[in-house]
Amino acid sequence: MIWSREETLDREDIEKIQLERLKNAVKRAYNNVPLYRNKFDSVNLKPDDINSLEDLKKVPFTTKEDFRENYPFKMFAVPKKEIIRIHGSSGTTGKPTVVGYTKKDIETWSELVARVISATGVTNEDTAQVAFGYGLFTGGFGLHYGLEKVGVTVVPMSSGNTEKQIMLMKDFETTVLICTPSYALHIAEVAEKMGIDPKKDLKIKIGLFGGEGLSESARKELESRFLMLATSNYGMSELMGPGVSGECEYKVGMHISEDHFIAEIIDPKTGEVLPEGEVGELVITALTKEALPVLRYRTKDLTSLNYKKCKCGRTTVRMNKIKGRSDDMLIIRGVNVFPSQIESVLESIEEIGPHYEIIVTKKGHMDELTINIELADGKFLETYRCLEQISKKVDHKLKTVLGLSSKINIAQPRTLERFEGKARRVKDLRDNE
């Protein structure tokens, strides 16, 4: 279902709106946020120099470090008395990146989340269980308000207490599940241990997953276990929270609300804007935020953009699946390794489940890469030969892709660590040795 007509505008109309709003956002940032005034002045740029969308590339980038250095409220463009909500990054250590919202910002946020959830087929006939944490993290409240705008019945369960989650899903006849994909898989496993078959005993038909990447193997398993449509949505606190983009029922990329955001793809090393279809770092400019204008924010997420009209009828640009992050690259024995490369190999092997761990250690002066994987089915434990064949297959495929050999540890099904929030699958222990 298409929620707003702005999702179906012609490219010319989209760009007309973007340019008008870009000019306003630039002026708001320059006139009210010292950080942006200093950035503009350092390159001899004035707001009136932005006269076309092409001129956007003249604007300096904004980074997470800018938020940290201006903690807590120096990024705000309005007096604190106009801020009705404060959120922050979900990091567990150090000071969070702080974001604020005016009353209009909250209304805009709700509108954009309404678009994302409507694209998956969620309507006011549904009951949605929010299993994201409520608090400074934007996921819980962000989805909550958008769901209410659509008229969905909301169960604000928050994360954790999994057995109670399942009890409420069953008793309340929940049809929409909102959480991280790894936690949804954990819910399925706990349900089965409780003697509850998610396919038969629960009524979940749509999953709205964010907070971490949704691999195709995890999507396949979720859709099989729950008989649901498993979809991805995207956002981050610095930009607003969830609602920047989301998949429709065709699952061919996440539609970006271009009347509120401009997306660019840059070379993460040079900062140069790349042509359509090229993979690079996603940069987002928020066009309509009052409290916290954000210009050319470097997300560190690696993806590409697709401007072709979607089968769902939306004309807005789609961002493809996140392929990794420009800042989570591991250098192992001089080789650049992205966790997403390892994940793509593992999900291509049918004997392997969607849970894994990547551990990097140092033995003497040599880096060692260990991959802990989990079998999809206990039947593969029947013979040592079978395990040896799986281990060799994984090592061979990884070596072909990475150019590195690795140690493969195979665990029984349902034994690797599960996560109620974002999954933490990479442990680089070299600094501890």
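# Salt bridges and a domain contact

Reader: Which side chain does Glu192 meet in a salt bridge?

Author: The side chain of Glu192 meets that of Arg414 in a salt bridge, with 2.3 Å from N to O; the term stands for a side-chain nitrogen of Lys or Arg within 4 Å of a carboxyl oxygen of Asp or Glu. Bear in mind that this is a predicted model, in which local features need pLDDT of at least 70 and side-chain atom pairs count only at pLDDT 80 or more, while totals for chains, interfaces and linings use all residues. Residues are numbered from 1 along each chain as its sequence is written, and side-chain values use heavy atoms, with hydrogens and water left out.

Reader: What network of salt bridges is Arg414 linked in?

Author: Arg414 is linked with Glu192, Glu221 and Arg225 in a network of salt bridges.

Reader: And where are the domains?

Author: The domain assignment, which is automatic or comes from a database, gives residues 1-327 as domain 1 and residues 330-428 as domain 2. Their C-alpha centres lie 30 Å apart. The contact, meaning heavy atoms within 4.5 Å, takes 27 residues from domain 1 and 15 residues from domain 2.

Reader: What area is buried between domain 1 and domain 2?

Author: About 1600 Å² is buried between domain 1 and domain 2, and carbon and sulfur atoms give 49% of that area; buried area is the accessible area (1.4 Å probe) that two parts lose on being put together, summed over both. Ser182, Glu189 and Ser217 supply 25% of what domain 1 buries against domain 2, more than any other three residues.

Reader: How many salt bridges and polar contacts are there between domain 1 and domain 2?

Author: There are 2 salt bridges between the two domains. The interface also has 4 residue pairs in polar contact, both residues at pLDDT 80 or more; such a contact is a pair of N or O atoms within 3.5 Å, where within protein one must be able to donate a hydrogen and the other to accept it, and residues adjacent in sequence count only if both atoms are side-chain atoms.

Reader: Which element gives the most to the side of domain 1 that touches domain 2?

Author: The elements giving two or more residues to that side are α7 (181-193), α9 (216-226) and β15 (324-325), numbered from the N terminus as DSSP runs, with helices (H or I) of at least four residues and strands (E) of at least two. Of these, α7 gives the most, with 7 residues.

Reader: Switching to Thr162, is that residue buried or exposed?

Author: Thr162, in helix α6 (residues 162-172), is buried, with a relative accessible area of 9%; buried means under 20%, exposed over 50%, and partly exposed in between, with a 1.4 Å probe and protein chains only. Leaving aside neighbours within four places in sequence, Thr162 is in contact with Tyr183, His186, Ile187, Val190 and Glu420.

Reader: How many salt bridges does the structure hold?

Author: The structure holds 27 salt bridges, and one of them joins the side chains of Lys203 and Glu173 at 3.2 Å, N to O. Lys203 is in the loop between α8 (198-201) and β6 (206-209) and Glu173 in the loop between α6 and β5 (176-179), so the pair ties together parts that are 30 residues apart in sequence. Lys203 is partly exposed at 48% relative accessible area, and Glu173 is partly exposed at 43%.

Reader: What about Lys251, which side chain does that one meet?

Author: The side chain of Lys251 meets that of Glu223 in a salt bridge of 2.9 Å, N to O. Lys251 lies in the loop between β8 (241-247) and β9 (254-256) and Glu223 in helix α9, 28 residues apart.
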